[in-house]
Amino acid sequence: MPIEAKSTLDAKALEASLPGLTQKLSELQKGLSDDEKAVFSSIVNSAALHLKSLQALSDSADIIFMKPISAVATVGVRQHLINLPQTLHLDK
Amino acid sequence: MNLGDKLAALASTMSDAERANYKLLLGMAAGGLVRGGLPPETGAAAQAFTAATYSISRLQPHRDRVARNGIIFRGKPSFVTDELLSALRRESTELRSAAIRFDDHYVARGGPIASEVAVSTELEDVLSRYTQHITPTGRANYLYYDRPGLGIDPHVDNEEFSLNVVMMLEHVHRENPSALVLYPGDAPMQRIFLSPGEIIALYADSVTHARERMATDERVSIVAFGFQPIS
């Protein structure tokens, strides 16, 4: 039987998975020490700021191909990750 | 267990879609933390960069295939003849006008020559000597960095380029050429300078990587071939 490559995840599936991802990150955060929380906060905030800077480049696009060849995210995914510091109460 | 391990362990509880978004989050964090191509050296930002790149290298089911230095293969295989290199360069040049700008570089879908290489037994045979079972995705992209300032910040690739095989087609520069930079997560960053026809293969969904910005009178063109691991 031929082995086939995995199919590409579609935008709908990626957006639908965001609440579950957020819940898991929230649970993770609860178990972190204060030092680890500071580092985790740096990760989440850095991602949000970086995404925001990219968003400014192409505000009008429905779909943004970010950086690579490569990572694709809808406006919904982008916005969710930009808002993640607030959602996880990590906004500075 | 340190934070990098905790972040990596969390991925084992995730669906493919959740993991893809998680990887995007971590990749964007790594990209945002780098300044002038260099990761932060002190404080929470430095720890965040280390934790992000390390956990990215441990996210995927094929994490045990990821080389510590990030490189699966580097060299000029015998099937890359002068004729093939010339043909790929010619096709790259022909497709430049159709390339689309993605933020900070230009990409064109490969033509017939690149597409043939992407699924060739010659390329697969070379790779299979250095990593376990893989299959070509059939994706081939030409990438162009041909204006000052073009490049790519640190990032990770999607599953169509889980194993990304990059061939240098042309690198024109004066002094101090730009590099392909790898941030393997568990080893020091590496600046890689490829010669025309030379190939580098890396699990690009697991190794954070970047292309340094083009200087004046510098240009780089490459072709990338996508592969996926299979069990």
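Two strands are said to pair if DSSP finds at least two bridges between them. In the predicted model described here, strand S3 (residues 105-109) of chain B meets this condition with S4(B), the two pairing in the antiparallel sense over four bridges. Within this pair, B:Val107 has B:Leu143 of S4(B) as its bridge partner. Strands of a sheet pair through backbone hydrogen bonds, either parallel or antiparallel.

The pair formed by S3(B) and S4(B) belongs to an open sheet of seven strands in chain B, whose order is S1-S9-S6-S11-S4-S3-S2 and whose pairing is antiparallel. The edge strands of this sheet are S1 and strand S2 (100-102) of chain B, each of which pairs on one side only. On average, and with direction ignored, neighbouring strands of the sheet are turned by 25 degrees against each other. At one end of the order, S2(B) and S3(B) run antiparallel and are joined by three bridges; here B:Arg101 stands opposite B:Tyr106 in S3(B). Further along the order, S4(B) and S11(B) pair over nine bridges, again in the antiparallel sense, with B:Tyr144 opposite B:Ser221 in S11(B). Strand S4(B) is mostly covered, since 10 of its 12 residues are buried.

Helix H6 (residues 121-128) of chain B lies across S1, S4, S6, strand S9 (199-203) and S11 of chain B, and runs at about 105 degrees to S4(B). The loop between strand S1 (73-75) and helix H4 (82-95) of chain B contains B:Ser78. A residue is exposed if 12 or fewer other C-beta atoms lie within 10 Å of its own; B:Ser78, with 8 C-beta neighbours inside 10 Å, therefore counts as exposed. Between B:Ser78 and B:Val126 there are 48 residues in sequence separation, while the distance in space is 9.5 Å, C-alpha to C-alpha.

A further open sheet in chain B is formed by four strands in the order S5-S10-S7-S8, with antiparallel pairing. Strand S5 and strand S8 (190-192) of chain B stand at its edges; each has a single partner strand, so one side of each is left without a neighbour in the sheet. Strand S7 (residues 180-183) and strand S10 (residues 208-211) of chain B run antiparallel and are joined by four bridges, and the bridge partner of B:Leu180 in S10(B) is B:Arg211. Helix H2(B) packs on this sheet, where S5, S7 and S10 of chain B are touched. The direction of H2(B) makes about 130 degrees with that of S5(B).

The packing of helices against one another can also be described. Two packed helices are described by the angle between their axes and the distance between the axes. The axes of H1(B) and H3(B) come within 8 Å and cross at roughly 40 degrees; the two helices are therefore oblique to each other. The crossing in which H1(B) passes H3(B) is right-handed. Helix H1(B) contributes B:Leu3, B:Gly4, B:Leu7 and B:Ala8 to the contact, and H3(B) contributes B:Thr50, B:Ala51, B:Tyr54 and B:Ser55. Of the residues in this contact, five are nonpolar, three are polar and none is charged.

Chain A contains four helices and two strands, which follow the pattern α-α-α-β-β-α along the sequence. Of the 92 residues in chain A, 34% are buried. Among the contacts in chain A with a separation of 6 or more, 67% are between residues 24 or more positions apart.

The contact between the two chains takes 37 residues from chain A and 44 residues from chain B. On the side of chain B that touches chain A, at least two residues each are supplied by helix H1 (3-11), helix H2 (16-33), helix H3 (43-57), strand S4 (134-145), strand S5 (152-155) and strand S11 (219-229) of chain B. The largest share of this side, 15 residues, comes from H2(B). By residue class, the side of chain B that touches chain A comprises 23 nonpolar, 13 polar and eight charged residues.

Methods:
Residues numbered from 1 in each chain as written. Chains lettered and ligands numbered in written order. Predicted model: local features only at pLDDT ≥ 70, side-chain atom pairs only at ≥ 80, totals over all residues. Contact = placed C-beta atoms within 7 Å. Nonpolar A, V, L, I, M, F, W, Y, C, P; charged D, E, K, R; others polar. Axes fitted to C-alpha atoms, helices over the stretch in contact; angles between N-to-C directions. Parallel < 35°, antiparallel > 145°, perpendicular 65-115°, else oblique. Left-handed = near helix turned anticlockwise from the far one by under 90°. Buried ≥ 20, exposed ≤ 12 C-beta atoms within 10 Å, placed from the backbone.
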